[in-house]
Amino acid sequence: MEGLLGSFTSKLVEKAKRADSRIVLAFDPTGELRSLERAKNLLSQLSDRVAGIKLGLPSLLAYGPEGLRGLMEGLEGPFICDLKMADIGYVNRMVAEEVFELGFEAVIAHAFVGIREGLEEVVGLARERGKGVLAVCAMSHRGAEEYLNARCLEMMEASRSAGVDGFILPATFPELLREARRRYPEALILSPGVGAQGPPLGSALKAGADFEIVGRALVSSPSPRLKVEEMRREMGGWTGGSWPRR
C-alpha cells in the first residue's frame, strides 16, 4: 500500500513551506507550562513558525482530552499525537479514533508490533479519515541499541509495506537516517534527538531527514519567538527542501 504521499504529508509540507521551517515542535508541559493558559501562550508564539506540533502523553495527562482540544483550537497545526502506540491493532485503532476526534492530523505508532493485526489497523483507519501515521523504527537513547535499533531496517520495510506516511528516526544515529534516505528516497522522515541529546541543529537534515523534532531548546527558552527565528535561520528554513521526491 502506498501511503507516503497522503493527505497528512501534503499538509505538513505545505505548512513547512508557509512557515519556511523544517522544525516540528515537541511540546511537553513542565513547571509553569502545566497551566493551560501558559501553554497556549507559548504555542501561540511558535505555531506559525514551525512545520507542525507534536503533543504526547504528558500533555494528555496534564490537560485531559478536552483541555488538549482547547489547546489546539485556533493554532496552526498540523498536530501530531505522540502516544507511541504499541498495542494490538484493535486497541490501537480505538485509541487512534479518539485521537483523530480531538483534532490531530497524525499519530505515532511503534513499528515493532508488525503489520498483521498491528499497523494495518491504524493505517486503515487513517486512510478512511484522511489522517496520517508515522512509524517509530528506532529511538534516540543509547538503550535503543540493545534491541530496537538492531531491527530498524526490517521495521522500516514492514512500515512502508503497511502504508505509513513516514518514519521517526533519531538524529543520534545518523547512519540510520542515511540508510533510510538511500533505501526510501521518497519517504517522509522526522528526526528527534537534536540539541539536548547531543547532535547539533541541522545535523539530521544533512543526514537525510525532512524535519527535525525540537523540544526543550524551544520550550525552555526565555524568548521562544526569538529562539525559533534563530533556529530557522541556522537550519536554512525550507530552502533546499523538495517534495515530492522520486
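This is a predicted model: local features need pLDDT of at least 70, side-chain atom pairs count only at pLDDT 80 or more; totals for chains, interfaces and linings use all residues.
A residue is called buried here when its relative accessible area is under 20%, and Trp 238, with a relative accessible area of 11%, is therefore buried.

Phe 211 belongs to strand S8, residues 211–214, whereas Trp 238 comes in the segment after helix H10 (224–235), so the pair ties together parts that are 27 residues apart in sequence.

Next, the cysteines. How many disulfides does a search of the whole structure find? It finds zero. Cys 137 is in no disulfide, and the nearest cysteine sulfur, that of Cys 152, is 5.6 Å away, where a disulfide would need the two sulfur atoms within 2.5 Å. For Cys 152, likewise in no disulfide, the nearest cysteine sulfur is that of Cys 137. Cys 137 is buried at 0% relative accessible area, and Cys 152 is also buried, at 0% relative accessibility.

Now to helix H7, residues 174–183, in which Leu 176, Leu 177, Ala 180 and Arg 181 are buried. Why do these residues lie on the same side of H7? They cover an arc of only 130° around the axis, and this places them together on one side of the helix. As a reminder, an α-helix has 3.6 residues a turn, so residues three or four places apart point the same way. The buried residues of H7 are covered by parts that include helix H6 (152–162), strand S7 (188–191) and helix H8 (203–207).

Finally, the chain as a whole. The protein chain contains ten helices and eight strands, and 54% of its 246 residues are buried. For 246 residues a compact globule would have a radius of gyration near 18 Å, and the 17 Å of this chain agrees with that. The C-alpha trace spans about 45 × 35 × 35 Å along its principal axes. Among contacts between residues at least 6 apart in sequence, 73% join residues at least 24 apart.

Key: Residues are numbered from 1 along each chain as its sequence is written. Side-chain values use heavy atoms; hydrogens and water are left out. Helices (H or I, at least four residues) and strands (E, at least two) are DSSP runs, numbered from the N terminus. Buried means under 20% relative accessible area, exposed over 50%, partly exposed in between (1.4 Å probe, protein chains only). The arc is that of the directions from the helix axis to the C-beta atoms. Contact means heavy atoms within 4.5 Å. The radius of gyration is taken over C-alpha atoms; the globule rule is 2.2 Å times the number of residues to the power 0.38.
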